[in-house]
Amino acid sequence: MGEHPSPGPAVAACAEVERIEELEPEAEERLPAAPEDVSFDPGSTGYISTGKFRSLLESHSSKLDPHKKEVLLALADSHADGQICYQDFVNLMSNKRSNSFRQAILQGNRRLSSKALLEEKGLSLSQRLIRHVAYETLPREIDRKWYYDSYTCCPPPWFMITVTLLEVAFFLYNGVSLDQFVLQVTHPRYLKNSLVYHPQLRAQAWRYLTYIFMHAGIEHLGLNVVLQLLVGVPLEMVHGATRIGLVYVAGVVAGSLAVSVADMTAPVVGSSGGVYALVSAHLANIVMNWSGMKCQFKLLRMAVALICMSMEFGRAVWLRFHPSAYPPCPHPSFVAHLGGVAVGITLGVVVLRNFEQRLQDQSLWWIFVAMYTIFVLFAVFWNIFAYTLLDLKLPPPP
């Protein structure tokens with residue numbers, strides 16, 4: 001991606017506020033030591049006056065990034081009581097932000113963030129693309145500016161692209177081997193593939209993941225690929241492969257486990273669990289931050305996305321109850337879609353709402369992680385014991 005002009009101090013200062021990146025080890029060596037002179041804090045309260053705080057910043061200005069210094073000055077401007085907790089200053093430099101510090105910075109920044117990113121002129125094509133992605137995915141202007149200033153396309157959004165290419169490759173391979181591309185799932189030999197989740201073969205743990213590489217037909221693959229590229233790639237560009245991959249894989253696993261609990265005799269194919277996790281998280285994030293999201297035609301686009309998802313879900317429900325091509329085993333289940341949605345509106349929303357912030361500091365994140373873990377453990381025990389206890393008659397293995 002081509003380099004763009006250096007951001008103005010307003011853009012950089014606003015962007016620095018939300019930054020939650022690990023500092024390099026040597027960065028802590030540049031921190032100013034706590035003031036030993038009692039004149040800074042004569043009462044040993046841990047607070048210093050904003051005037052003395054400014055003096056402290058000026059005396060260490062050579063050791064501070066200019067933009068970080070400007071943000072700290074904004075912090076000084078935001079304290080009407082004339083006092084600042086020195087530990088808050090050290091915490092920022094050590095990547096240990098407190099909520100009170102963050103709120104103070106946000107108040108101080110109102111004086112710095114006057115120019116919106118959309119008002120930037122003379123941008124190259126790559127810069128306009130980065131700006132477009134920022135407005136598509138982030139609800140706060142301060143986050144959009146930080147993303148615009150810091151994005152380097154290194155690494156590129158490799159996770160969603162790699163998964164998509166693998167899905168297409170496996171589909172083409174199966175299409176050639178089965179000599180069928182439309183409604184492949186109706187072919188008598190379709191379920192013999194070792195990637196498909198089948199209830200009789202549920203002990204083969206890899207099938208809870210690998211079923212995403214098998215699709216019911218080109219109509220099934222087509223919509224999933226479009227959604228993965230139009231929604232998943234921009235989200236990965238902003239939030240990174242680790243976070244988006246986590247939401248996607250969690251949706252995939254939740255989808256297959258949900259089928260094993262709620263539709264126990266049916267197989268599972270397709271990446272809809274992961275896709276619906278990402279799309280539902282994105283749509284929920286837009287709704288929850290409606291006034292802040294500045295993407296164009298957002299109501300129309302949300303309606304189109306919901307219609308497409310509903311059509312795909314309707315196709316899956318129809319196929320599930322359509323007379324099977326390999327009785328007594330039914331066609332693949334639609335419940336994986338619902339498992340993906342559940343992950344999206346819980347774990348996914350927390351991820352998307354916390355751009356460049358540490359998830360481990362969010363209590364809601366741990367609540368949803370605990371809920372997801374409980375569900376996975378329940379589903380594992382269900383798969384071990386419930387089929388026998390219920391004396392359920394399963395279709396024979398393919």
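Me: What share of contacts in the chain between residues at least 6 apart in sequence join residues at least 24 apart?
Reply: In this predicted model, 75% of those contacts join residues at least 24 apart. The chain holds 15 helices and 2 strands, and buried residues make up 52% of its 398 residues.

Me: Which residues in α6 and α7 meet?
Reply: From α6 come Q127, I130, R131, V133, A134 and Y135, and from α7 come E141, R144, Y147 and Y148. Sorted by class, this contact has 6 nonpolar, 1 polar and 3 charged residues.

Me: How do you know that C153 is in no disulfide?
Reply: Good one! The nearest cysteine sulfur belongs to C154 and is 7.8 Å away. A disulfide needs the two sulfur atoms within 2.5 Å, so C153 is in no disulfide. The structure as a whole holds 0 disulfides.

Me: What makes C153 count as partly exposed?
Reply: Its relative accessibility is 24%. Buried means under 20% and exposed means over 50%, so C153 falls in between and counts as partly exposed.

Me: And why is C308 called partly exposed?
Reply: C308 has a relative accessible area of 26%. That value also sits between the cut-offs of 20% and 50%, so C308 is partly exposed.

Methods
Residues numbered from 1 in each chain as written. Predicted model: local features only at pLDDT ≥ 70, side-chain atom pairs only at ≥ 80, totals over all residues. Heavy atoms only, no water. Contact = heavy atoms within 4.5 Å. Helix = DSSP H or I, 4+ residues; strand = E, 2+ residues; numbered from the N terminus. Nonpolar A, V, L, I, M, F, W, Y, C, P; charged D, E, K, R; others polar. Buried < 20%, exposed > 50% of the residue type's maximum accessible area, 1.4 Å probe, protein only.
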